[in-house]
Amino acid sequence: MTELRLVTLATADHGLVTLEEPTWCVGHQHHDAESLRVDLVHAGPAVDCTHLGRELFSAELVQSPYAVSVTPLLGGRTPGVSVWPVGKTLDPAQLYGLAADIDAFADRLRGLADQLARILAEEALGEA
Ligand SMILES: [Zn+2]
């Protein structure tokens, strides 16, 4: 049996707020006591894609238990995955769609690498 985890956070508008802490939340070490209750957010560990020291993509589980927004793709009370720099919070189907787009892009990158290798090999032959 999993013990219920609770976390108590200070807010500017509702004082101390006690929340049930999802098992995937990394905690609230950087919580700002001036936050509004509506802005409280649980976040999971970030999953990053970094190349040559530059962050290309980052994604993390998020949930805002007191969100009032029900705008699709902007987070809310239902857990989702926030994706940067897309700037959207995705559901599972949307996340699979993003992964498929990234797969297709990776294939096109490999195609460009193949093309570039042929061009460079031809140039090397021409110079020989
Ligand atoms: Zn949390």
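**Elements, extent and one glycine**

Reply: The protein chain holds one helix and seven strands; these are DSSP runs numbered from the N terminus, helices being H or I with at least four residues and strands being E with at least two. The model is predicted: local features need pLDDT of at least 70, side-chain atom pairs count only at pLDDT 80 or more, and totals for chains, interfaces and linings use all residues. Residues are numbered from 1 along each chain as its sequence is written.

Me: In which order do the elements of the protein chain run from the N terminus on?

Reply: The order is read from the N terminus. It is β-β-β-β-β-β-β-α.

Me: What is the radius of gyration of the protein chain?

Reply: This value is taken over C-alpha atoms, and the globule rule is 2.2 Å times the number of residues to the power 0.38. A compact globule of 128 residues would have a value near 14 Å. The C-alpha trace spans about 75 × 35 × 30 Å along its principal axes. The radius of gyration of the protein chain is 22 Å.

Me: Is G80 buried or exposed?

Reply: G80 lies in strand β6 (residues 80-84). A residue is buried if 20 or more other C-beta atoms, placed from the backbone, lie within 10 Å of its own, exposed if 12 or fewer, and partly exposed in between. Because G80 has 23 C-beta neighbours inside 10 Å, it counts as buried.

Me: What share of the 128 residues in the protein chain is buried?

Reply: The share is taken over the 128 residues of the protein chain. Buried residues make up 8%.
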